[in-house]
Amino acid sequence: MNYQDLADLIFPDAKPIQYYEEKYPERNLPEGAIVTRYAPSPTGRMHIGGLYQALIAIAVSKKTNGVFFLRIEDTDQKREVENGITEIVSSLQEFGMGPDEGQISETEEIGNYGPYKQSVRKDIYQAYAKYLIEQGKAYPCFCSPEELEEMRQKQEAAKIRPGYYGVWAKYRNLSVEDAIQKIKNGEQYIIRFRSPGNEERKIKHKDIIKGNVDFPENDQDIVIIKADGLPTYHFAHAVDDHLMRTTHVIRGDEWLSSVPLHLQLFQEMGFKTPKYAHISPIMKNDNGNKRKLSKRKDPEASVCYYSEEGIPPEAVKEYLLNIANSTFENWRRANPDKEIDEFDFQLNKMSVSGALFDMVKLLDVSKIVISRYSAEEIYEKSFAWAQKYDPELCEMLKDKEYALKVFGIERGNAKPRKDIAKFRDVKENIIYLYDDKYFAQTHTYEYDKIQDKEEIKKILQMYLEKYFHETDDKQTWFENIKNLAEELGYAKDVKAYKQEPEKWPGHVGDISTVLRVALTARRNTPDMYEIMQIFGKERIEKRFQKAIEVLEK
RNA sequence: GGCCCCUUGGUCAAGCGGUUAAGACAUCGCCCUUUCACGGCGGAGACAUGGGUUCGAUUCCCGUAGGGGUCACCA
C-alpha cells in the first residue's frame, strides 16, 4: 500500500487538480496588472480596518487595470453570523467599493474564478489535499483535541516551543498501512501538512510594505483540513489565491508571521507565490496604550457608525487614504475636483507602523468635502440621512424650496462655509431658520455690548421703520445699518471707533449684534443679509416682536 | 516567554549620511471682517535612549527601554 491508496481512501471522489488548473487558467491581463482581493469572514458588523484594506486593494488594482474581487472566508461555521455577507457587501456598496468580481449578495456572485465563498469550495480544497497526500506531503492525524491540549501543556511546562512538529508530530511517521487501518476502524482524524521546514534555518522575505523580514522556517505540521472537512485559513489561502490568480495578497499584518508557512505551502504545492503587502492596523490610544480599534469598545470601529453620524463615505475614504499615503493630502489640495481613483496610490509608501485614529482630522476632511457640495447636493444628502436617522429634520426638509434657500447661504462661492462636518450637525445648524421650531423654543437673548432694554427696543423698531427695505442689495443694506448706528449716536466705522473708543458708546457692529441676536437668538450666524433676504420683512418683524416681549418680561 | 516588526512635534507624517528637520490636523497670536465660519500671516512644538561606524548621523550597525503582532481543528 502506498500514499495513493491512502489518498483514495480519504478522498475517494476528489477530482485531479489538473481539472481545476485548467478550469481557472492564468488571467489574460495587461502587463503589471494587479489582481487582489478583500477576503473577510462574515462574523458581524464590518470593521473600519476591513474597509481600509479593501480601499487600498481597490486603489492598486484600479491603478494597474487589474482585478479586485471579494472572497468570503466562511470556513469557521461557529463564528458565522446571520446576514454576515450582506453586511460586507452592502457596506462596500455604500462606499462605492463594489468588487469587480466575487460575492455580490448572500447567494450571488459574478466572475469566472468562483465560487467565491469558501464553504462551497470544499471539493476544491479536498482535491488539493488529496494531491498533497498522494505525494506524502500531507497525512492524517488522529490526535484528539484533548491530546493536543495535553501536549501543549507539557511543552509549556518544559519551556519548549509549543506545537505539532518534529518529535511532537505524533502521526507524521505513521505507516500508510497503520493509517489506513485506523481510518477503516472509524477513528477520527484531520489532515496535516508535512512541513519540510527546519526551525534552525532562516528565510528571507520581502514584504511590499514591511520591507525585508527574516523568519525561521516553518516546521509546524499545521492542519489543512479540519474535522468538518473544511480547510483552515492557511490552506484555503494558498489554494484560493493560486486558483483565483491573485498577484498581490493585501491583508492585515496579523498575518505577517504566517508568511513562512504560506510560502512553504505555495512551494510544496507547486504554486507561484504571490506578492504580499501587510497593512498595519488602525489603532486607538487607550490610556496611553496603543491598541487596535475594537468593535466592542469603539463605536467608530464599525463602518455603520459613519453613516449613522452622517459622515459622507467619500470623507471617510479620503481620510483613510490620507493615513495610507500621506501624499494624498497634497494631491487632493492640488486636484480638488478629481476622482479619488485618479490618485497614484503607492503600496510601498505605506506606513510600517499603525496609525492612531484621529476623529478630529476625519471631521476636518469631512468639513471640506461637505463644503464642496452644492446646496442641492447637501440638501439631498441631508434629507437622505434624516429619513433614516432624524424624523424631525426630515420634516423640516420636506419644504425643499425653503431648504435650498437655507443651504444656499454662503454656499457655492469661492469660500464656502465649512461649518458642517456631518449630517448629524445639520439640524442644529439650521433649526433657528425655521419659524415653527424657533417660536416653539424659549430663547435667552444674549446681547453683547448693548444691554439696555429701551435702547434695544429703539434699535429694533427704528431699524424696521426706517432702515430696512426688502429690495436693498447687500451694500445698501449694510449702509442702512450704518446710518442707523449714526442716527443713534454710534460710530459708523469700526476702525474709527477703535482709534477713539471714548467718542462713541459703541459702533455699527454692536448695532448689528443687537439685530442678529433679536433675529436669531444667536450671536453667531452666517451672513445676516442673506438670512434677512430669506425671511422678508414680515418674519423679521415677528421675530423682533418676540425679542421685545422677552425683554419686557 | 520564544519569534517577528515598529519608535520624527499632541496626531497623521515627509526626509533615507551633510536640510534653518517639509506639510496637514489640533493649539496659540495677529490680520481680514457687522458676528461666526472661511481666508491670510506668524508663533510654540519632534528625530525614544546608550554605545559604535564615519570628517559628519534623524538617516547605517549593536544594545536598552517602550509599543505592536504572533505562537488554534479562529480567521
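Visitor: Where is the place of R245?

Guide: This is a predicted model, and in it R245 sits in the loop that runs between α8 and β10.

Visitor: What makes R245 count as buried or exposed?

Guide: The relative accessibility of R245 is 13%, and the cut-off for buried is under 20%, so R245 counts as buried.

Visitor: What is the phi of R245, and what kind of value is that?

Guide: Phi of R245 is near 60°, which is a positive value in a residue other than glycine. Most residues other than glycine have a negative phi.

Visitor: Where is N65 found, and what is its phi?

Guide: N65 lies in the loop between α3 and β2 (67–70), and its phi, near 55°, is again positive in a residue other than glycine.

Visitor: Which residue just after α9 takes a positive phi?

Guide: That residue is G270, with a phi of about 80°.

Visitor: How do you know whether the peptide bond from G114 to P115 is cis or trans?

Guide: Omega for the bond from G114 to P115 is near 0°, and the bond is cis. Most peptide bonds are trans. P115 itself belongs to the loop between β4 (109–110) and α5 (122–134).

Visitor: What makes helix α9 mostly covered?

Guide: Helix α9 spans residues 259–268, and eight of its 10 residues are buried. The buried residues are V259, P260, L261, H262, L263, Q264, L265 and F266.

Visitor: Which elements do the buried residues of α9 pack against?

Guide: They pack against the strands β6 (190–193), β7 (202–207), β8 (211–216), β10 and β11 (275–279), and also against helix α8 (233–243).

Visitor: How many aromatic pairs are there when ring centres must lie within 6.5 Å?

Guide: With that cut-off on the ring centres, the count comes to 25 aromatic pairs. One of them joins Y19 and Y20, whose ring centres are 4.9 Å apart and whose planes stand at 85°; an angle over 60 degrees counts as edge-to-face, so the pair of Y19 and Y20 is edge-to-face.

Visitor: How do F266 and F271 pair?

Guide: The rings of F266 and F271 are 6.0 Å apart from centre to centre, with 80° between their planes, and the pair is edge-to-face.

Visitor: What makes F266 and F271 count as buried or exposed?

Guide: F266 has a relative accessibility of 1% and F271 has 7%; since buried means under 20%, F266 counts as buried, and F271 counts as buried too.

Visitor: Which residues do ring pairs link into a cluster with Y128?

Guide: Y19, Y20, F266 and F271 are linked with Y128 into a cluster by ring pairs.

Visitor: How do you know that R543 and K546 lie over the face of Y438?

Guide: R543 lies at 3.8 Å from the ring centre of Y438, and K546 lies at 5.4 Å from that ring centre; the distance cut-off is within 6 Å, together with a position within 35 degrees of the ring normal. R543 is over the face of Y438, and K546 is also over the face of Y438.

Visitor: What lines the largest pocket?

Guide: The largest pocket holds about 930 Å³ of space. It is lined by 34 residues, of which Y38, P40, S41, Q53 and E254 are the closest to its centre. Helix α3 gives the most to this lining, with four residues, and by class the lining has 13 nonpolar, 12 polar and nine charged residues.

Conventions. Residues are numbered from 1 along each chain as its sequence is written. Chains are lettered from A and ligands numbered from 1 in the order in which they are written. This is a predicted model: local features need pLDDT of at least 70, side-chain atom pairs count only at pLDDT 80 or more; totals for chains, interfaces and linings use all residues. Side-chain values use heavy atoms; hydrogens and water are left out. Rings of Phe, Tyr and Trp (its six-membered ring) pair if their centres lie within 6.5 Å; planes under 30 degrees apart count as stacked, over 60 as edge-to-face and the rest as tilted. Buried means under 20% relative accessible area, exposed over 50%, partly exposed in between (1.4 Å probe, protein chains only). On a 1 Å grid over the protein atoms alone, a cavity is a set of points where a 1.4 Å probe fits but cannot get out, and a pocket is an open set with protein on both sides within 12 Å along at least five of seven lines; lining residues have an atom within 4 Å of a point. Grid points are joined across faces, edges and corners, and a volume is the space filled by probe spheres set on the points. Helices (H or I, at least four residues) and strands (E, at least two) are DSSP runs, numbered from the N terminus. Ala, Val, Leu, Ile, Met, Phe, Trp, Tyr, Cys and Pro count as nonpolar, Asp, Glu, Lys and Arg as charged, and the others, Gly among them, as polar. Contact means heavy atoms within 4.5 Å.
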